[in-house]
Amino acid sequence: MGDLEDFIQAPEHRPKLALSHADGIPTIDLSPIFNSLPGSDFPHDLVHQIASACTEWGFFLVVNHGVPPEKRHRIEAAAREFFGQSLEEKRKVRRSEGLVTGYFDSELTKNVRDWKEVFDLVVEDPTIVPASPESDDEELTQWTNQWPEYPPEFRESCKEYVEELEKLGHKLMELLALSLGLSAKRFQHYFKQQTSFLRINHYPPCPSPELTLGVGRHKDPGVLTVLAQDDVGGLEVKRKRDGEWIRVKPVPDSFVVNIGEITQVWSNEKYESVEHRVMVNSEKDRYSIPFFFNPSHSTIVEPLKELVDSQNPPKYKSYSYGKFLTNRQRSNFKKLNTDNIQISDFKITN
Ligand SMILES: O=C(O)CCC(=O)C(=O)O
Ligand SMILES: [Fe+2]
């Protein structure tokens with residue numbers, strides 16, 4: 001993977017190898033949404049579970065989520081085949097500054113290299129985004145997918161998986177809306193011309209797991225992330241209550257859902273996006289597949305009018321999601337001297 005030196009975390013960010021599983025992240029059974037009569041509301045109890053998981057953790061697992069397990073197994077198998085090839089083969093579909101989809105093995109999180117390789121694809125092909133982060137530049141550009149030749153079923157397995165995850169994403173947004181006291185379809189329109197993307201992460205075994213991270217501590221910038229992790233484990237969440245790093249135990253056929261920064265702003269911090277990171281290990285390869293559910297580039301992100309009033313004034317200035325996204329994108333390629341753009345940059349401080 002290159003020089004170990006590039007991957008070494010500052011001492012205060014290194015993982016503890018002694019694990020803290022503690023009382024875990026809540027697990028939410030989504031079967032009621034498939035059993036309720038068409039046109040009727042989701043059960044109150046389910047909406048309540050979503051509200052308390054989002055408030056207390058910013059993370060939860062879902063089971064009985066409606067995604068057929070065979071579609072998940074197919075993309076997982078295709079991912080193993082793809083990453084099992086030589087670096088030379090994989091680099092035929094490498095990502096570059098002009099072409100942001102495809103294979104990449106040198107991502108930085110908070111300016112330190114992650115011990116991972118990834119394959120990214122956009123859900124809308126093409127995806128419309130601003131050409132540059134500059135606020136006075138109105139030019140738009142397109143992100144398109146590139147596909148490897150091998151394995152031959154790679155493209156189709158990604159496509160059918162993404163379709164399922166999109167359906168689940170919309171269901172989760174309906175639940176989230178209800179849990180905030182909004183109408184079920186309140187968020188739907190933001191996802192026309194969505195900028196959602198799917199990432200496949202491969203974390204190879206690492207000789208020094210105590211010094212490095214598969215993904216450094218970060219918050220997801222979008223609306224919602226729905227992650228499939230395999231049975232190896234490594235994802236850790238910073239518990240809101242006390243700041244302890246808690247391991248998210250793998251549960252077969254479940255998804256890990258977490259709140260992104262846009263939801264934090266929309267909800268005026270009723271729901272917070274929580275930091276997480278990934279530990280690697282010296283023995284096993286680990287794979288994970290996050291689906292990042294993101295709105296249109298033209299979305300102006302700000303606390304929702306219904307959720308603010310004179311008692312609870314907006315905690316954020318509005319910002320353009322498209323500009324935010326292209327700004328982040330640029331910093332992923334370069335080691336910068338400063339931290340990349342954060343939503344805290346838009347926080348209103350009195
Ligand atoms: O691999 C994981 O478990 C999480 C990955 C992650 O947080 C990310 O890609 O944003
Ligand atoms: Fe993440």
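Visitor: Which strands each supply at least two residues of the shell around ligand 1?
Guide: They are β9 (197-203), β11 (224-229), β15 (276-278) and β16 (286-293). Strands are DSSP runs of E, at least two residues long, numbered from the N terminus. One heads-up: this is a predicted model, where local features need pLDDT of at least 70, side-chain atom pairs count only at pLDDT 80 or more, and totals for chains, interfaces and linings use all residues. Residues are numbered from 1 along each chain as its sequence is written, while chains are lettered from A and ligands numbered from 1 in the order in which they are written.

Visitor: Which residues surround ligand 1?
Guide: Arg199, Asn201, Val215, Asp220, Leu227, Gln229, Leu235, His276, Val278, Ser288 and Pro290 do. Each has its C-beta atom, placed from the backbone, within 6 Å of the ligand.

Visitor: How many residues of each class does the shell have?
Guide: The shell around ligand 1 has five nonpolar, four polar and two charged residues. Asp and Arg count as charged, and Val, Leu and Pro as nonpolar.

Visitor: How do you know how β9 and β16 pair, and in which sense do they run?
Guide: Pairing takes at least two bridges found by DSSP. β9 and β16 have five, so they pass, and they run antiparallel. You can find leucine 198 bridged to phenylalanine 291 of β16, and tyrosine 203 to arginine 286 of β16.

Visitor: And how many bridges join β11 to β16?
Guide: Six, again in the antiparallel sense. In one of them, alanine 228 has isoleucine 289 of β16 as its partner.

Visitor: In what order do the strands of the sheet come?
Guide: It's an open sheet of eight, β1-β2-β14-β11-β16-β9-β6-β3, and its pairing is mixed.

Visitor: Why do β1 and β3 count as the edges?
Guide: β1 (27-29) and β3 (102-104) each have a single partner strand, so one side of each has no neighbour in the sheet.

Visitor: Is β16 mostly covered or mostly open?
Guide: Mostly covered, as seven of its eight residues are buried. A buried residue has 20 or more other C-beta atoms within 10 Å of its own.

Visitor: What does valine 226 touch, if we skip its neighbours within four places in sequence?
Guide: Valine 226 contacts Leu165, Leu168, Gly169, Phe255, Val257, Phe291 and Phe293. Each pair passes the contact test of C-beta atoms within 7 Å.

Definitions and conventions. Helix = DSSP H or I, 4+ residues; strand = E, 2+ residues; numbered from the N terminus. Contact = placed C-beta atoms within 7 Å. Buried ≥ 20, exposed ≤ 12 C-beta atoms within 10 Å, placed from the backbone.
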